[in-house]
Amino acid sequence: MPRTLYAKLSLALALLLMVIGLMYALLSVSATRHYLEEVNQRFNRDLARNLVADRDLVQQGAINESALKETFHYFMTINPSIEIYLLNPEGEILSYSAEPDKVKRKRVSLAPIKAFLQGTQSFPLLGDDPRSHQRHKVFSVTPVPSAEDLQGYLYVILRGEEFDLIDQAIQEGYFLRMSGWSVFGSLIFGLFLGLLVFHLLTRRLQRLAKVMDNFRNSDFSDKVALSKNHGSWSGDEIAGFETTFAEMANHIIAQLDELNTKDALRRQLVAQVSHDLRTPLASLHGYLETLQIKESMLSVDERAEYLAIALRQSERLTRLVEDLFELAKLETKEKIPHLESFPVAELLQDVVLKFQLKAKKKGIRLVMQVPESVPFVVAEIGLIERVLENLLENALDHTPRGGLVRVDIRQSDKVTVLVEDTGCGITASDLPQVFEPFYQVGKTHRGSHHAGLGLAIAKRILELHNSKIEVSSQVDRGTTFSFALPLA
């Protein structure tokens, strides 16, 4: 069995052409025979009537038996291609020109004879062949002595047994050879053209198969270029396959690259989490161990200080673990915001009041500028509150004593919230990475409780709201974070 598409198409074409050739030969033989029978019958339709008139078969209103026998003998010698029969009015055969031992029928059907005389059917009109019980042939017939005084019919078979023998010999010889060679030549020519067309069609499939094999052998890493050589085939199914495969292959490559990038980030994240967890754990363990070993040697104030430090490290661990769980939940896209309408100005005021004490302890001014009328927005109030808390906490952590943190609201087709600080600012090289987990600008706050997850969480929450957080900064002049929410 052929394995390639081209070989299968070629075999199918060859078989199809053979079947078509055989059908053509059969139809040609049948159509030719039909045509010759019609021509013969039309040409000799008056033969029986002319025989009656020319050979004096009717004299004084009766059949001339001697003239009839002489006619039989004459045509058997001169024109053996026809056979003459004399029938009675019921169709029984009374006499004939054929050899007696070859006539098989005793009567012939009158229906074709009457149809012939009435002219109600088109030619060729076939009647019974007295030499066979099954065969039918074209004929000519006339009533004798006349239609008014019917005593019988002169029934003439136009293609007698002799004619059939000669016709069969010709068909088996010259005609069949010529037809055979004609059909064979046509099939060979059609097969050649078909194979050429199939080659043109399958060539692009073979090229596509080769490209797919190369892509697989490259471990799905080589980019696939879109073919631009479609020409007149542009827009057909194969061109669609090529385009779809190229897009699919490039999409696979992009996904693999993204997976590799995410895997690298995952490894980095695991290492960073391990480091950030190890530091407070080591500190917590060290102070607790000191309290246990030197409990009797420590004063009340020292024990209180050690316990306070251990508690802060415990709180840091708790906050870090909570942030990790929250970020993981947001990254898996399992969280779906429950949208509701609420006044963002009131929410912002509550969050600012929550951070006023911390700002006062650090010597930072925390101010809020809100227009008199701020419309409601649509979002999940709890998630937006978390975004504001993370942004304010980040601003306070990076603003030195005596600095300023300002929260502002601006309104257009959306409500935009801005959190500005006068801190150290962010360099241009650090700016693209500020929303990555555990990333800390300049690594200056590694020892603090700040783990570098707040901005990553804020970014993911806003993405769930189809919003985007933006940042602008200048070194030593401060940083501004902003995001927009749709109006209710």
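Predicted model: local features only at pLDDT ≥ 70, side-chain atom pairs only at ≥ 80, totals over all residues.
Ile84 stands opposite Val156 in strand β7.

Strand β3 covers residues 83–87 and runs antiparallel to β7. The two are joined by 5 bridges. Glu83 also has a bridge partner in β7, namely Ile157. Strand β6, residues 136–145, pairs with β7 too. This pairing is antiparallel and spans 7 bridges. Here Val141 has Tyr155 of β7 as its bridge partner. A hairpin connects β6 to β7 through 4 residues.

How many strands make up the open sheet, and in what order? There are 5, in the order β4-β3-β7-β6-β5, with antiparallel pairing. The edges are β4 (93–96) and β5 (126–128), each of which pairs on one side only. On average, neighbouring strands of this sheet are turned by 40° against each other, direction ignored.

**Helices on the sheet.** Helix α2, residues 47–54, packs on the sheet and touches β3, β6 and β7. Its direction makes about 40° with that of β6. Helix α4, residues 110–118, lies across β3, β5, β6 and β7. Helix α4 runs at about 70° to β6. Is strand β7 mostly covered or mostly open? Strand β7, residues 150–157, is mostly covered, with 6 of its 8 residues buried.

**Salt bridges.** The structure holds 17 salt bridges.

| Arg49 | Asp46 | 3.2 Å |

Lys362 and Asp397 link distant parts of the chain, 35 residues apart. Lys362 sits in the loop between α8 (344–361) and β9 (365–369), while Asp397 is in helix α9 (residues 381–397). Lys362 is partly exposed, because its relative accessible area is 27%. Asp397 has 11%, so Asp397 counts as buried.

The pair of Arg406 and Glu420 has its own setting. Arg406 is partly exposed at 27% relative accessible area. Glu420 is buried, because its value is 16%, and buried means under 20%. Salt bridges that share partners also join Asp129, Arg135 and Lys137 into one network.

**The surface.** Which residues make the nonpolar surface patch of about 480 Å²? They are Phe189, Phe192, Leu193, Leu196 and Leu200. Leu196 lies in helix α5, residues 161–217. Leu196 counts as partly exposed, because its relative accessibility is 42%.

**Helix α7.** Ala304 is found in helix α7, residues 300–331. Ala304 is partly exposed, with a relative accessible area of 44%. Ala304 and Leu291 are 13 residues apart along the chain, and their C-alpha atoms are separated by 9.8 Å.

How values were computed: Residues numbered from 1 in each chain as written. Heavy atoms only, no water. Patch = residues over 30% accessible without salt bridge, like charges linked within 9 Å, V, L, I, M, F, W, Y side chains within 5 Å. Areas by Shrake-Rupley, 256 points an atom, 1.4 Å probe, with all protein chains shown as cover. Salt bridge = Lys/Arg side-chain N within 4 Å of Asp/Glu carboxyl O. Buried < 20%, exposed > 50% of the residue type's maximum accessible area, 1.4 Å probe, protein only. Pairing = 2+ DSSP bridges. Axes fitted to C-alpha atoms, helices over the stretch in contact; angles between N-to-C directions. Contact = heavy atoms within 4.5 Å.
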